[in-house]
Amino acid sequence: MTRHLLKLVWNRKRSNALMILEICVSFLVVFVVATMGLFLLDNYRVPLGFEWKDVWNVRMGVGRNEANAGDAAAQQATLARLFQEVRSLEPVEAAAGSFVVPFDQGGWEGSYRVKGRNVDTGVDRATVGFDKVMGLRLVAGRWFEEPDATQSWEPVVIDQDLARAVYGTADPVGKALFDPRPDERPFRVVGVVSDFRKGGELLPNDNFLFRFSSLDHPEGQAFRNLLIRVRPGTPPAFEEALVKRMQGVAPDWSFEVRPLPQVRATAFRFFLTPLIVAGTVAFFLLLMVGLGLIGVLWQNLLQRTREIGLRRAAGASRASVHRQVLLEQLVLTSLGVLIGTLLVIQVPILHLIGVLSSQVFTAGLLVAMAAMYLLSVLCALYPSSLAARVQPAEALRYE
Amino acid sequence: MIHLQQVSKLYRTDRVETTALDNINLEIGKGEFISVMGPSGCGKSTLLNLMGLLDAPSSGSVALDGKAIDRYGDRALSRVRNERIGFIFQQFHLVPDLSVVDNVEIPLLYRRMSNKERRKAALAALDRVGLGSRTHHFPTQLSGGQQQRVAIARAIVGRPNILLADEPTGNLDSQMGDEIMGILEDLNQKEGTTIVMVTHDPRMADKTHRVVRLFDGRQVQ
Ligand SMILES: Nc1ncnc2c1ncn2[C@@H]1O[C@H](COP(=O)(O)OP(=O)(O)OP(=O)(O)O)[C@@H](O)[C@H]1O
Ligand SMILES: [Mg+2]
């Protein structure tokens, strides 16, 4: 029977071509949306490497006087006083300075040379106490300490990804990181933290490097972000009190408080909105294709009532007519899916998208296939049951 | 073999009610070759449909080998149609999307057999009707007579013991008609196939064992 159906589908290729095309296009759309979703979901499952729930970010704008004067020492002094003030507040458990804010759009990407090859990594400059504020988990060595500022080497803390990329399985602590550059102190690893995913749950896990920012010794770009761990259950009203106290220390600076849960929500919105839009578009596309499919099947049925009547007269039961219509649809779907798969397979073959893992890719394919088969079966159910109800004598009467 | 008892068939449409068959009593024995005659619209095709189990009577009973067909479920009925009855339709009813040999194979699709056996049986049936050389043509590429012969091959491919032929020679010239009549007589004599044939041609009817005449749904004579 399968062979017979294949022949039938092949001989009707002209009227089937459009349906195969529709299925193929829908398959591609579902694949793209499913892969997007699965990519984010796959990222989401991996541990974040830090804790964000009770962390607040204060974005600081340097006062005009100090900024105009370009007076680094004055800025440094103000920062130190701000720290003191913030740490003295009752709801504050820990505070640290940082160049980047987890979940935030802004970032810092570095590319360094390791034994002649390039290693890309996210970078931050952070102060003492950052590990406490962010709840980092040290797997080797230690976090920065103030005396690190005066060494002949620059201390760095790396995450496990970066450690693996540079040292493989060897212990990185105490070793030099990257090939030295002439104008910089050589990097030396003082600690390793578990994978730190600055971009948040939805972005892939990348290498990460922390450089040291000393409160006593200004160097490089100073941090502009304060990260504060507050006691669990601290009311939002504390935000105002916090700004007031900081404003008291530095009247002409500006302070903007953003709890990290809020920053995280913004990041989620940023990545999920396109997915939701694409998902909605795909849903309506499938709906249209589904309705079209029902229409085409129905039309086919009307054109082919005589064939159905003939098959019934030749011994096909209602059930086998039902089955035939479903199977024909499945053959068409398989053709559309096959063409779609051949197209989609080009992505890994041609290395078009590097970030897609083969699991996510395969899962996306399977989801798209399942969706197309499900759609086809759903759309064919009613027409096939109509076909099964064709009365042979009726169907064979008209010429 | 086929037994019709007080069979009537009514067609109700929106406005009119047509009595296509009115109280028909007919007994057809095994190995008989019967012709059905009558003017157009007298109910010949309707009668054949009832005997071929394609339709149920409005009243009365149709029995096959002593068993009333309203006792059969769809599956069993389909099976009887498949294994015991061959139908040659007035309008051929070939599937345009299938080649000649694939058309002939259709009844065998609903039987348990291998593709190879199916193909062999279909080719043999086509040989028998003298179309062994046109197996991969499509129906539209054939003449009316050739199409009729494909329809016959399809009706006999499953070796049914009842053959119902609705004007098998109606669309053909007399020479072709004789040829087809020859095939039917051959089946009847050599294989004992029971045949009921609708015809308008008294010359053909003369060659059969018995003639059933219908007029306006009623059996005359
Ligand atoms: N499905 C139907 N609905 C309504 N009326 C029908 C139906 N089938 C047949 N009839 C009517 O029943 C009568 C008998 O039809 P039937 O097709 O059996 O005639 P016939 O003897 O085969 O005619 P012909 O020689 O033209 O083929 C006709 O009047 C026809 O109009
Ligand atoms: Mg007729």
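This is a predicted model: local features need pLDDT of at least 70, side-chain atom pairs count only at pLDDT 80 or more; totals for chains, interfaces and linings use all residues.
Visitor: Which residues belong to the two domains of chain A?

Guide: Domain 1 of chain A consists of 2–45 + 271–398, and domain 2 covers 63–252. Their C-alpha centres are 53 Å apart. The contact involves 6 residues of domain 1 of chain A and 5 residues of domain 2 of chain A.

Visitor: What area do chain B and chain A bury between them?

Guide: Chain B and chain A bury about 2,400 Å², and 57% of it is on carbon and sulfur atoms. The contact brings 24 residues of chain B against 27 residues of chain A. Within chain B, His93(B), Asp97(B) and Tyr110(B) lose the most area to chain A, together 25% of what that side buries.

Visitor: How many salt bridges are counted between chain B and chain A?

Guide: The count is 4 salt bridges between these chains. Asp102(B) forms a salt bridge with Lys7(A), where the closest N and O atoms are 2.7 Å apart. Over all chains, the structure holds 33 salt bridges.

Visitor: Which residue forms a salt bridge with Arg231(A), and what does the pair tie together?

Guide: The partner of Arg231(A) is Glu90(A), and the closest N and O atoms are 3.4 Å apart. Arg231(A) lies in the loop between strand S10 (225–230) and helix H7 (238–249) of chain A, whereas Glu90(A) lies in the loop between helix H4 (72–88) and strand S2 (92–98) of chain A, so the pair ties together parts that are 141 residues apart in sequence.

Visitor: At what angle do H4(A) and H7(A) pack?

Guide: They pack at an angle of about 145 degrees, and their axes are 9 Å apart. H4(A) passes H7(A) in a right-handed crossing. From H4(A), Arg81(A), Leu82(A), Glu85(A), Val86(A) and Ser88(A) meet Leu242(A), Arg245(A), Met246(A) and Val249(A) of H7(A). The residues of this contact comprise 5 nonpolar, 1 polar and 3 charged.

Visitor: Which residues in H3(B) meet H5(B), and how do these helices pack?

Guide: Helix H3 (residues 100–109) of chain B packs with helix H5 (residues 144–156) of chain B at an angle of about 30 degrees, with axes 7 Å apart. The crossing of H3(B) with H5(B) is right-handed. Val100(B), Asn103(B), Val104(B) and Pro107(B) in H3(B) meet Val150(B), Ala153(B) and Arg154(B) in H5(B). Here the residues of the contact divide into 5 nonpolar, 1 polar and 1 charged.

Note on methods: Residues are numbered from 1 along each chain as its sequence is written. Chains are lettered from A and ligands numbered from 1 in the order in which they are written. Side-chain values use heavy atoms; hydrogens and water are left out. Axes are lines fitted to C-alpha atoms, for helices over the stretch in contact, and angles run from 0 to 180 degrees between N-to-C directions. Helices (H or I, at least four residues) and strands (E, at least two) are DSSP runs, numbered from the N terminus. A crossing is left-handed if the near helix is turned anticlockwise from the far one by less than a right angle, and right-handed if clockwise. Contact means heavy atoms within 4.5 Å. Ala, Val, Leu, Ile, Met, Phe, Trp, Tyr, Cys and Pro count as nonpolar, Asp, Glu, Lys and Arg as charged, and the others, Gly among them, as polar. Domain bounds come from an automatic or database domain assignment. Buried area is the accessible area (1.4 Å probe) that two parts lose on being put together, summed over both. A salt bridge is a side-chain nitrogen of Lys or Arg within 4 Å of a carboxyl oxygen of Asp or Glu.
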